[in-house]
Amino acid sequence: MRLITVSGPPSSGKTSVVIRAVEQMGGGEKVMVVKFDCLSSTDQERYQRAGIRAVTGLSGNQCPDHFYISNVEDCAKRAQAEGFEYLIVESAGLCNRCAPHLKDCLAVCVIDNLSGVNTPHKIGPMLRFADVVAVTKGDIVSQAEREVFSFKVKQANSRAGILFVNGITGQGAFDLAREMKLGPELGMGLAGRRLRFTMPSALCSYCLGETRVGEEYLKGNYKKMKWD
């Protein structure tokens, strides 16, 4: 089985891109998708309409990335037990500090061409440590804007391949599907494997339920701004 992580900012088109890529991989019979989100998600219904086995994990009051990494091994075991050839894990992408990519597994970042040319520099590990960057909504902007955006992506991650994928028409999805088919095999499972980058720091007083504002209520792992 091959495990593929798909990350990216909210509304960048991750689900549409995955559905189109799975179509090019021969349909959903071989693929299981797990969508990690925070409070709610309707993406599972979209996947099911496309004939793809899908499961949703909602983190609630936990950081979605911490929730994801605590559950991804169980997801892999379930997908292998059910005989799937591919497990695609779609992360919530709720903050630009997300770090969902695993070593020795194909890492895909989906980013929206309409988000602004400086957006690649504002996104952390989910872009900088990706193997493939799928750029969506490129059909809405000019060729010059696409070129500038690609240059900015290359500045942020010079190793990644850049693909323009249209989640509506499916244009470019064949190339992404090919990358997924050529991704590393999972082998014996995820136990002992490592993240490509550390997760966001956790457990300040507000993580533990504090609602009051003020210096005296700050405890645990917190960070203060530096003022001139």
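**Close-ups of salt bridges in a predicted model**

**Figure 1. Glu82 and Arg78, a pair at 2.7 Å.** Start with Glu82, which is partly exposed at a relative accessible area of 33%. Its side chain meets that of Arg78 in a salt bridge, with 2.7 Å from N to O. Arg78 is partly exposed too, its relative accessible area coming to 48%. Keep in mind that everything shown here comes from a predicted model.

**Figure 2. Arg2 and Glu185 link distant parts of the chain.** Here the two side chains form a salt bridge, 3.6 Å from N to O. The partners sit 183 residues apart: Arg2 belongs to strand β1 (residues 2-7), while Glu185 lies in the segment after α7 (173-181). Glu185 has 53% relative accessibility, so with the exposed cut-off set at over 50%, this residue counts as exposed.

**Figure 3. Lys224 paired with Glu215.** In this salt bridge the closest N and O atoms are 3.4 Å apart. Glu215 counts as exposed, at 53% relative accessibility.

**Figure 4. A network of Lys35, Asp37, Asp43 and Glu90.** As for the whole picture, the structure holds 13 salt bridges, among them the pairs Glu82–Arg78, Arg2–Glu185 and Lys224–Glu215. Why can such pairs form? Oppositely charged side chains can pair when their charged atoms come close.

Note on methods:
Residues are numbered from 1 along each chain as its sequence is written. This is a predicted model: local features need pLDDT of at least 70, side-chain atom pairs count only at pLDDT 80 or more; totals for chains, interfaces and linings use all residues. Side-chain values use heavy atoms; hydrogens and water are left out. A salt bridge is a side-chain nitrogen of Lys or Arg within 4 Å of a carboxyl oxygen of Asp or Glu. Helices (H or I, at least four residues) and strands (E, at least two) are DSSP runs, numbered from the N terminus. Buried means under 20% relative accessible area, exposed over 50%, partly exposed in between (1.4 Å probe, protein chains only).
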